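Here is a short briefing on the model shown below. Keep the sequence and the 3D view open while you read.

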Amino acid sequence: MTARRRDLATIAVGALLPSEERTPGPVDLFAFTSAIGMAHRIHYDQAFTVGVERHRALVVPGPLQAAYLTQLVRVWAGDGIRVARLAYRHLSPAFVDEPLRCLGQVTAVDARLKQVTCKVWTENGAREVLTTSEITLRWP
Amino acid sequence: MTASNDLVTPEALSWIGHRYPDRRLTVTELQIQRFSHSTRETNPVHFDGDAARAAGYPDVVAPPTFYVMLRTAPYHTVPLAQLGQDGYAAEDLPPIPSIEGMAGEDRVELGAEIIAGDVIFVVKRIADLYGKRGRSGPLAFVVFEYEMTKSSGERAVLERFTRVLR
């Protein structure tokens with residue numbers, strides 16, 4: 001099976017990754033929170049989250065956004081490209097059923113180390129940055 | 001950084017370098033599949049052993065952010081009566097009189113990929129602890145370091161995850 005991946009030589013600093021929209025619903029939040037083994041109510045209990053914690057809706061777990069952003073770069077890069085480094089921060093919370101725009105841009109290309117670094121982030125409908133990340137990929 | 005403020009006392013600072021009990025975790029194909037479905041992964045190497053082997057892996061391979069499960073589940077797998085009212089497990093933290101905790105930055109270096117069946121050795125330490133003055137008052141930053149190693153001795157994950165307390 002031939003691997004399909006982006007040719008490192010064609011990648012330029014500043015290149016924009018194709019953007020994607022993700023809208024996690026209550027089932028996504030429950031499935032993720034359960035899969036990582038926690039029972040934090042702000043991700044599945046709406047009455048508690050709104051009434052007690054005073055959020056406007058269920059909160060999307062930060063690491064779920066990080067997973068979406070990691071998928072964005074991996075799909076863009078292609079088969080067999082490894083994630084070498086990943087760093088992310090949450091600036092503002094994301095809420096259930098609200099579309100998240102996932103965006104990315106190449107910030108560094110190291111032909112010798114065969115590594116590409118991208119800045120990737122999620123934005124809400126008001127174009128506010130919610131989670132921002134830097135991901136370094138390594139070509140084989 | 002070892003700046004102290006009202007939240008970060010010398011006693012709290014003495015927790016820098018504290019090593020939590022080590023953990024040995026068995027990674028299963030089912031855990032990888034559940035995590036992968038929950039993030040709407042589509043790459044078959046994260047679900048199907050035949051697809052993973054065709055791509056050169058010994059078995060189903062975990063996606064890159066799977067380390068979050070290994071860093072979270074062990075500390076939240078406690079009797080339900082021990083969970084807080086919000087469903088979050090009480091953390092073993094340095095003595096910091098805080099009201100709430102938030103996730104700060106997560107910085108991860110990924111090495112050998114995690115495969116279904118792996119037994120992962122997890123060392124958790126407090127790598128750093130410092131205070132800052134935020135807009136709404138003093139903040140305490142607790143930097144946890146997680147080192148996750150495969151039984152082959154290869155390092156899978158080196159993570160520095162910061163909790164921000166106020």
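**Sheet, helices and selected residues**

Arg82(A) stands opposite Arg138(A) in S5(A). This pair belongs to the pairing of strand S2 (residues 82-90) of chain A with strand S5 (residues 129-138) of chain A, which run antiparallel and are joined by eight bridges. The model is predicted. The points below go from the sheet to the helices, then to chain B and single residues.

**The sheet across both chains**

- The open sheet is formed by 10 strands, and the pairing is antiparallel.
- The strand order is S1(A)-S3(A)-S4(A)-S5(A)-S2(A)-S2(B)-S5(B)-S4(B)-S3(B)-S1(B).
- S1 of chain A and strand S1 (23-26) of chain B stand at the edges. Each has a single partner strand, so one side of each is left without a neighbour in the sheet.
- From one strand to the next, the twist averages 25°.

**Strand pairs in chain A**

- Strand S1 (residues 20-22) of chain A pairs with strand S3 (residues 100-110) of chain A. The sense is antiparallel, over three bridges.
- Within this part of the sheet, Glu21(A) stands opposite Arg101(A) in S3(A).
- S3(A) also runs antiparallel to strand S4 (residues 115-123) of chain A, and nine bridges join the two.
- Opposite Cys102(A) stands Thr122(A) in S4(A).
- S3(A) and S4(A) form a hairpin with four residues between the strands. In this hairpin, Lys114(A) takes a positive phi near 60°.

**Helix H3 of chain A**

- Of the 16 residues of H3(A), 15 are buried, so the helix is largely enclosed by the rest of the structure. Buried here means under 20% relative accessible area.
- H3(A) packs on the sheet and touches S1, S2, S3, S4 and S5 of chain A. The direction of H3(A) makes about 45° with that of S5(A).
- Gly78(A) follows H3(A), and the phi of Gly78(A) is positive, near 110°.

**Helix contact between the chains**

- The axes of helix H1 (residues 26-35) of chain A and helix H2 (residues 29-38) of chain B come within 8 Å and cross at roughly 150°.
- That crossing angle makes H1(A) roughly antiparallel to H2(B).
- The crossing of H1(A) past H2(B) is left-handed.
- From H1(A), the contact is made by Asp28(A), Ala31(A), Phe32(A), Ser34(A) and Ala35(A). From H2(B), it is made by Arg34(B), Phe35(B) and Ser38(B).

**Chain B as a whole**

- Chain B has four helices and five strands.
- Along the sequence, the pattern of chain B reads α-β-α-α-α-β-β-β-β.
- The C-alpha trace of chain B spans about 55 × 35 × 30 Å along its principal axes.
- Chain B has 166 residues, and 51% of them count as buried.
- Take the contacts in chain B with a separation of 6 or more: residues 24 or more positions apart account for 69% of them.

**Three residues of chain B**

- Thr72(B) is found in helix H4 (residues 67-76) of chain B. Its relative accessibility is 6%, so Thr72(B) counts as buried.
- Which residues does Thr72(B) touch, not counting residues up to four places away in sequence? They are Ile36(A) and Met38(A).
- Thr149(B) lies in strand S4 (residues 137-150) of chain B. Thr149(B) has 17% relative accessibility and therefore counts as buried.
- Leaving out residues up to four places away in sequence, Thr149(B) touches Val119(B), Ile120(B), Phe121(B), Glu154(B), Arg155(B) and Ala156(B).
- Glu11(B) is part of helix H1 (residues 10-13) of chain B. Glu11(B) is exposed, with a relative accessible area of 53%.
- Glu11(B) and Pro21(B) are 10 residues apart along the chain, and their C-alpha atoms are separated by 20 Å.

Key: Residues are numbered from 1 along each chain as its sequence is written. Chains are lettered from A and ligands numbered from 1 in the order in which they are written. This is a predicted model: local features need pLDDT of at least 70, side-chain atom pairs count only at pLDDT 80 or more; totals for chains, interfaces and linings use all residues. Side-chain values use heavy atoms; hydrogens and water are left out. Two strands pair if DSSP finds at least two bridges between them. Buried means under 20% relative accessible area, exposed over 50%, partly exposed in between (1.4 Å probe, protein chains only). Axes are lines fitted to C-alpha atoms, for helices over the stretch in contact, and angles run from 0 to 180 degrees between N-to-C directions. Angles under 35 degrees count as roughly parallel, over 145 as roughly antiparallel, 65 to 115 as roughly perpendicular and the rest as oblique. A crossing is left-handed if the near helix is turned anticlockwise from the far one by less than a right angle, and right-handed if clockwise. Contact means heavy atoms within 4.5 Å.
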